[in-house]
Amino acid sequence: NLTCWRTATSPQCLRVETVNEVHLFPYGYFQHAKFIRQNGKDAVEIQFQDRIVSVKGKGLEPLCDSLERLSVERIQICPAKYVALSKKEGTIEEIEVKGVQQEKALD
């Protein structure tokens, strides 16, 4: 399965799978999402109460559209060897979970 995200009807939380960790973010703490397109790459930033999930890849606008409906159940990185195979679907190449204070310090 090359799908980098999965939707569901009314999930209670967003499951974020990085290379070494699994994070569960309750939608009750969801605050903001932002879609960014730059130089042929897409990024989605998802802010919860004290964490920002930064997702980078290609074709991520449908992911942002699903977040609008709070219907994303899971996101995960697409293994590098399969990125070339998933031309029709969006691919997540990188996920980073940061504290909100870390993000403000970088600005």
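Two strands count as paired if DSSP finds at least two bridges between them. Keep that in mind as you select residues 41–48 and 51–58: these are strands β5 and β6, which pair in the antiparallel sense over 6 bridges. Helices (H or I, at least four residues) and strands (E, at least two) are DSSP runs, numbered from the N terminus.

**Before you go on**

What you have open is a predicted model, in which local features need pLDDT of at least 70 and side-chain atom pairs count only at pLDDT 80 or more, while totals for chains, interfaces and linings use all residues. Residues are numbered from 1 along each chain as its sequence is written, and side-chain values use heavy atoms, with hydrogens and water left out.

Now colour by pLDDT, the predictor's confidence in each residue, from 0 to 100. The chain has a mean of 87, and 83% of its residues reach 70 or more. Where pLDDT is low, the predicted coordinates should not be read in detail.

**Stop 1: the sheet**

Zoom out and trace the chain: its 2 helices and 8 strands follow the pattern β-β-β-β-β-β-α-β-β-α. Then show β4, β5, β6 and β8, which in that order form an open sheet of 4 strands with antiparallel pairing. β4 (30–38) and β8 (91–99) stand at the edges, each with a single partner strand, so one side of each has no neighbour in the sheet. On average, neighbouring strands here are turned by 15° against each other, direction ignored; axes are lines fitted to C-alpha atoms, for helices over the stretch in contact, and angles run from 0 to 180 degrees between N-to-C directions.

**Stop 2**

Select residues 61–68. This is helix α1, which packs on the sheet and touches β4, β5, β6 and β8 (contact means heavy atoms within 4.5 Å). The direction of α1 makes about 25° with that of β5.

Which residues of α1 are buried? They are L63, C64, S66 and L67, where buried means under 20% relative accessible area, exposed over 50%, and partly exposed in between (1.4 Å probe, protein chains only). Seen down the axis of α1, these buried residues fall within an arc of 160°, so they line one face of the helix; the arc is that of the directions from the helix axis to the C-beta atoms. Their cover includes β1 (5–7) and β7 (72–76), along with β4, β5, β6 and β8.

**Stop 3: two positive phi values**

Move on to L70, in the loop between α1 and β7. L70 has a positive phi of about 50° although it is not a glycine, and is partly exposed at 32% relative accessible area. Next, select N39 in the loop between β4 and β5. Phi of N39 is also positive, near 50°, and N39 is exposed, at 80% relative accessibility. Most residues other than glycine have a negative phi.

**Stop 4: E17**

Finish at β2 (residues 13–17), the strand that holds E17. A hairpin joins β2 to β3 through 4 residues, and the two strands pair in the antiparallel sense over 5 bridges. Opposite E17 stands V22 in β3.

Is E17 buried or exposed? E17 is buried, with a relative accessible area of 17%. Show its neighbours: E17 touches V22, R74, I75, Q76, I77 and I95, not counting residues up to four places away in sequence. The side chains of E17 and R74 are joined by a polar contact of 3.0 Å. A polar contact is a pair of N or O atoms within 3.5 Å; within protein, one must be able to donate a hydrogen and the other to accept it, and residues adjacent in sequence count only if both atoms are side-chain atoms.
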